[in-house]
Amino acid sequence: DYAGLIDEHHASYKNSSPYIAAHVALGKLYKHGTSDFNYYARFFWTHLGADHAIVTSDLGRAPYNFDSVNSYRTRLGFRWTKHLDEDVSSVYAGLGWDYEFDGEARAMYKTFSTPAPTFQGSSGFLELGWQSAVSKDNPWGADVRVTGWTGRQRGVTYSATISRRI
């Protein structure tokens, strides 16, 4: 869904496209005392299907066609985890490099094609987090993470996950 300004005109559209994704990873986990050292390599593939949307603005309605998008991405990384409280909770820090090989997004209006932004390029990241594991004494778990990005992707992402064993 989109709502915003296009050339100083309020515009919006809603669409939905099917997608499929796959992820393959290899890694090695080393344990040393109360710490884990995890080295990994990952490959991500995502396909977002094509779609058709009607863009509505104060100028009227306009049909747009969005091409499908394929994304091919690799990630190399390292994560250090320090276990606290007899492996119930832990803190972690990670460092990694992402590379996007492809991922152009194209849209057309009648016979005109919009400029195609590309996602190709390198990004580095640093992650910090805290995790609480589900155990026989505690059915609740949590993972709180913040990740800083530089390069092609820039900014900060954060997440919090709460889980419960039934």
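Helices (H or I, at least four residues) and strands (E, at least two) are taken here as DSSP runs, numbered from the N terminus. With that settled, welcome to a tour of this predicted model, in which local features need pLDDT of at least 70, side-chain atom pairs count only at pLDDT 80 or more, and totals for chains, interfaces and linings use all residues. Residues are numbered from 1 along each chain as its sequence is written, and side-chain values use heavy atoms, with hydrogens and water left out.

**The largest pocket**

Let us start with strand β6, which gives the most to the lining of the largest pocket: 4 residues. A pocket is an open set of points on a 1 Å grid over the protein atoms alone, where a 1.4 Å probe fits, with protein on both sides within 12 Å along at least five of seven lines; lining residues have an atom within 4 Å of a point. The volume of the largest pocket is about 240 Å³, counted as the space filled by probe spheres set on the points, with grid points joined across faces, edges and corners. Its lining is made up of I6, D7, H9, A11, V55, S57, L59, G60, R61, A62, Y64 and Y109. Two or more of these residues come from each of β2 (9–13), β5 (51–57) and β6 (60–66). Sorted by class, the lining holds 7 nonpolar, 3 polar and 2 charged residues. In this scheme Ala, Val, Leu, Ile, Met, Phe, Trp, Tyr, Cys and Pro are nonpolar, Asp, Glu, Lys and Arg are charged, and the others, Gly among them, are polar.

**The open sheet**

Next comes an open sheet of 7 strands, paired antiparallel in the order β3-β4-β7-β8-β11-β12-β13. The edges are held by β3 (19–32) and β13 (155–164); each has a single partner strand, so one side of each is left without a neighbour in the sheet. From one strand to the next, the twist averages 15°, with axes fitted as lines to C-alpha atoms and angles running from 0 to 180 degrees between N-to-C directions. Strands count as paired if DSSP finds at least two bridges between them. Between β3 and β4 (residues 35–48), which run antiparallel, there are 14 bridges. Within this part of the sheet, A22 stands opposite W45 in β4.

**Salt bridges**

Side chains of opposite charge can pair when their charged atoms come close. A salt bridge here is a side-chain nitrogen of Lys or Arg within 4 Å of a carboxyl oxygen of Asp or Glu. The whole structure has 6 of them, including these:

| Pair | N to O distance |
|---|---|
| D36 and K31 | 3.6 Å |
| D98 and R73 | 2.7 Å |
| R145 and E127 | 3.8 Å |

Burial is judged by relative accessible area: buried means under 20%, exposed over 50%, and partly exposed in between (1.4 Å probe, protein chains only).

The salt bridge of D98 and R73 links distant parts of the chain, with D98 in β8 (residues 89–102) and R73 in β7 (residues 69–84), 25 residues apart.

For the R145 and E127 salt bridge, R145 lies in β12 (residues 140–151) and E127 in β11 (residues 121–132), so the pair ties together parts that are 18 residues apart in sequence. R145 is partly exposed at 27%, whereas E127 is buried at 5%. Through shared partners, salt bridges join R79, E127, D143 and R145 into one network.
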